[in-house]
Amino acid sequence: MRRNVPSLISGDDAAWRHLRFCAQRIRGTAHGLGLGVLSDCARELEQLAEERFARTGIDERFLLSVTSAIEMVAIELNGIRRFETS
């Protein structure tokens, strides 16, 4: 998801659809595994991706929200990975 940020900023619809799909998959898997915080972070990212398709334009504040949500998902995934290896 991080690699697609430049495409998201440029408004590439395919990148936004991919982001929404990834967020949906992460949310569903996290929910099934009982990882509530990760599920919530992914749900927020999914909602932002949905909101993008309802918007007429993308402003800096919205993009900051999206990139922050991507980072929160990444932080949660890294935390889980660290927990599993310890």
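# Salt bridges and a helix pair, reasoned out

User: What makes the contact between the side chains of Glu50 and Arg20 a salt bridge?

Analyst: In this predicted model, the N to O distance between Glu50 and Arg20 is 3.5 Å. The cut-off is a Lys or Arg side-chain nitrogen within 4 Å of an Asp or Glu carboxyl oxygen, so the pair qualifies. Glu50 belongs to helix 3 (residues 36-54) and Arg20 to helix 2 (residues 13-32), and 30 residues separate them.

User: How do you know whether Glu50 is buried, exposed or partly exposed?

Analyst: Glu50 has a relative accessible area of 37%. Buried needs a value under 20% and exposed one over 50%, so Glu50 is partly exposed.

User: Where do Arg27 and Glu46 lie, and what does their pair tie together?

Analyst: The side chains of Arg27 and Glu46 form a salt bridge, with 2.6 Å from N to O. Arg27 is in helix 2 and Glu46 in helix 3, so the bridge ties together parts 19 residues apart in sequence.

User: Why is Glu46 given its burial class?

Analyst: Its relative accessible area is 12%. That is under 20%, so Glu46 is called buried.

User: How many salt bridges does a search of the whole structure find?

Analyst: The search finds five. One of them joins Glu71 and Arg2, whose closest N and O atoms are 3.0 Å apart.

User: What makes the Glu71 and Arg2 pair a link between distant parts of the chain?

Analyst: Glu71 sits in helix 4 (60-85), while Arg2 is in the segment before helix 1 (5-10), and the two are 69 residues apart. Glu71 has 33% relative accessibility and counts as partly exposed. Arg2, at 47%, counts as partly exposed too.

User: At roughly what angle do the axes of helix 3 and helix 4 cross?

Analyst: They cross at roughly 155° and come within 9 Å. Angles over 145 degrees count as roughly antiparallel, so that is the term for helix 3 and helix 4. The crossing is left-handed.

User: Which residues of helix 3 and helix 4 meet?

Analyst: Helix 3 contributes residues including Val37, Leu38, Cys41 and Leu45. Among those in helix 4 are Phe62, Val66, Ile70 and Val73.

User: How many residues of each class are in the contact of helix 3 with helix 4?

Analyst: The contact has 14 nonpolar residues, one polar and three charged. Cys41 is in the nonpolar count, because Cys is classed as nonpolar. Glu51, Arg52 and Glu76 are charged, because Glu and Arg belong to that class.

Note on methods
Residues numbered from 1 in each chain as written. Predicted model: local features only at pLDDT ≥ 70, side-chain atom pairs only at ≥ 80, totals over all residues. Heavy atoms only, no water. Helix = DSSP H or I, 4+ residues; strand = E, 2+ residues; numbered from the N terminus. Buried < 20%, exposed > 50% of the residue type's maximum accessible area, 1.4 Å probe, protein only. Axes fitted to C-alpha atoms, helices over the stretch in contact; angles between N-to-C directions. Parallel < 35°, antiparallel > 145°, perpendicular 65-115°, else oblique. Left-handed = near helix turned anticlockwise from the far one by under 90°. Contact = heavy atoms within 4.5 Å.
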